[in-house]
Amino acid sequence: MISIKRLNKWANMHTYYPIDILRVGLGVFLFLKGVDFISNSQILIDLIKPVQSLGGAMLVIHYVAPAHLIGGLLIIVGLLTRWAIYAQLPLLVGAVIINFVGEMNISNLVIALLILIFCIFFAFYGSGKHSIDYYLKMQQ
């Protein structure tokens, strides 16, 4: 518990607008990816074909789009950012693995790795000073 408080204190002292803009951009990207999966579910079905024999394909289809939509919105406004990131991490690790198991698509791999790195950063950094989390914490 002390380490989380120490991380929050460090993050609040070193919060700058570019990092908040990066957080909002990450949330917008994830939200738009969720909208894309909902509007064109065939893309998601094609993506999970290499691992479809493992089972749970329907669970994946019903988890990916809502997790991206809700997680993206939470990341944009900075509410429960770490929890939203934790929900994204298995999806992003799966996106990286699918590129190695199935057909290798370099652009998808680079995007998945970049978003995974940003999510890992914000899992440690938190939502920052310009967020609903910070506002609610200051109201206590």
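Helices here are DSSP runs of H or I, at least four residues long, numbered from the N terminus. With that in hand, Val77 sits in helix 4. I will come back to Val77 at the end.

First, the ground rules. This is a predicted model, with residues numbered from 1 along each chain as its sequence is written. Local features need pLDDT of at least 70, side-chain atom pairs count only at pLDDT 80 or more, totals for chains, interfaces and linings use all residues, and side-chain values use heavy atoms, with hydrogens and water left out.

Now confidence. pLDDT is the predictor's confidence in each residue, from 0 to 100. The protein chain averages 83, and 88% of the residues score at least 70. Helix 1, residues 2-13, has the lowest confidence, at a mean of 71. Helix 6, residues 106-125, has the highest, at 91.

Next, a pair of side chains. Gln88 lies in helix 5, residues 81-101. His68 is in helix 4, residues 57-77. Their side chains make a polar contact of 2.7 Å. By polar contact I mean a pair of N or O atoms within 3.5 Å; within protein, one must be able to donate a hydrogen and the other to accept it, and residues adjacent in sequence count only if both atoms are side-chain atoms.

Gln88 is buried, at 0%. His68 is buried too, at 5%.

What surrounds them? Contact means heavy atoms within 4.5 Å. Leave aside neighbours within four places in sequence. Gln88 then touches Leu30, Ala67, His68, Gly71 and Cys119. For His68, the list includes Leu30, Phe31, Lys33 and Leu91. So Leu30 is in contact with Gln88 and with His68.

Over to helix 2, residues 17-39, where we find Gly25. Gly25 is partly exposed, at 37% relative accessible area. The C-alpha atoms of Gly25 and Ile76 are separated by 7.4 Å. Along the chain, those residues are 51 apart.

Last, back to Val77. Val77 is partly exposed, at 37% relative accessibility. With Ile132, Tyr135 and Leu136, Val77 makes a nonpolar surface patch of about 350 Å². Patch residues have over 30% relative accessible area and no salt bridge; nonpolar side chains (Val, Leu, Ile, Met, Phe, Trp, Tyr) are joined within 5 Å, like charges within 9 Å. A salt bridge puts a side-chain nitrogen of Lys or Arg within 4 Å of a carboxyl oxygen of Asp or Glu. Helix 7, residues 132-138, gives the largest share of the patch, three residues.

Technical notes. Helices (H or I, at least four residues) and strands (E, at least two) are DSSP runs, numbered from the N terminus. Buried means under 20% relative accessible area, exposed over 50%, partly exposed in between (1.4 Å probe, protein chains only). Accessible areas come from the Shrake-Rupley method with a 1.4 Å probe; for residues, only the protein chains shown count as cover.
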